[in-house]
Amino acid sequence: MKLPIEAYGNRILKQKSINVPLDYPELNVLIENMWETMKGANGCGLAAPQVGKPIKLFIVDTQSTFEALTPEERTGYFEKNDNGISETFINAQILNYSPETWGDYEGCLSIPEISKEVKRPWSITINYYDSNLEEQLRTFDGYTARVVQHEYDHTEGILYIDYLNQLSKKMIEGKLKKILKGQIITKYLMKYKK
């Protein structure tokens with residue numbers, strides 16, 4: 001079932017999430033619904049706060065992006081032998097950020113019609129539980145690391161626009177006001193601030 005995505009301005013997007021209890025009711029159903037919602041909105045990641053659940057849960061699909069790019073286009077986004085991921089992250093904790101950073105444009109399903117360049121670490125090491133509740137410790141690079149960081153930030157109450165300088169924030173002010181007023185049209189269901 002496709003879920004409505006919380007729009008910029010909704011308080012849940014700015015609050016820190018809590019750990020997912022391992023007996024969380026219908027966790028598998030929520031995860032399935034999040035995958036359907038993300039794919040229906042043509043996204044590459046989605047966090048539980050974006051669907052109204054303040055828990056440390058997010059999903060990432062960079063495999064689809066990898067497959068859509070030519071081998072030449074993949075250079076600079078994916079390391080050799082990295083084909084992207086299609087993964088669920090539960091109670092994730094980033095343990096290490098590389099000193100090497102890179103800038104690229106980011107967007108967000110909660111902040112439609114806006115994309116801005118954000119500088120992020122090239123590589124991260126993260127501890128989490130997957131959809132089978134098996135503990136994982138993995139290192140991700142490039143585009144995958146970027147998407148994981150973006151979604152992880154959602155569970156910390158951080159939006160990518162929080163990283164922008166004052167001038168960049170000023171330039172998107174008008175569009176943000178339209179989102180706050182629900183004056184945008186998306187191809188997916190959104191829940192606006194009341």
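User: Hi! Is Glu-26 buried or exposed?
Analyst: Hello! Glu-26 counts as exposed because its relative accessibility is 60%. Buried means under 20% relative accessible area, exposed over 50%, and partly exposed in between, with a 1.4 Å probe and protein chains only.

User: What kind of model is this, and how are residues numbered?
Analyst: This is a predicted model, where local features need pLDDT of at least 70, side-chain atom pairs count only at pLDDT 80 or more, and totals for chains, interfaces and linings use all residues. Residues are numbered from 1 along each chain as its sequence is written, and side-chain values use heavy atoms, with hydrogens and water left out.

User: Thanks. Back to Glu-26: where is it found?
Analyst: Glu-26 is in the loop between β1 (5–6) and α1. Helices (H or I, at least four residues) and strands (E, at least two) are DSSP runs, numbered from the N terminus. The phi of Glu-26 is positive, near 55°, and the residue is not a glycine.

User: Why point that out?
Analyst: Because most residues other than glycine have a negative phi.

User: What about Asn-91, buried or exposed?
Analyst: Asn-91 is buried, with a relative accessible area of 15%. Asn-91 lies in strand β4 and has a positive phi of about 50°, although it is not a glycine.

User: How many bridges join β3 to β4?
Analyst: Five bridges join β3 to β4 (residues 86–97), and the two run antiparallel. Val-60 has Glu-87 as its bridge partner in β4.

User: And β7 with β8, how many bridges there?
Analyst: Strand β7 (residues 123–129) pairs with strand β8 (residues 135–141) over seven bridges, in the antiparallel sense. For Ile-126, the bridge partner in β8 is Arg-138. β7 and β8 form a hairpin with five residues between them, and Leu-133 in the turn has a positive phi of about 60°.

User: What does Ile-59 touch?
Analyst: Not counting residues up to four places away in sequence, Ile-59 touches residues including Met-34, Trp-35, Leu-46 and Glu-151. Ile-59 is found in strand β3 (residues 57–61) and is buried, with a relative accessible area of 0%.

User: Last one: which residues of the lining are closest to the centre of the largest pocket?
Analyst: Those are Cys-44, Glu-106, Gly-107, Cys-108 and Leu-109, of the 24 residues that line the largest pocket. On a 1 Å grid over the protein atoms alone, a pocket is an open set of points where a 1.4 Å probe fits, with protein on both sides within 12 Å along at least five of seven lines, and lining residues have an atom within 4 Å of a point.

User: Which element gives the most to that lining?
Analyst: α4 gives the most to the lining of the largest pocket, with six residues.

Conventions:
Pairing = 2+ DSSP bridges. Contact = heavy atoms within 4.5 Å.
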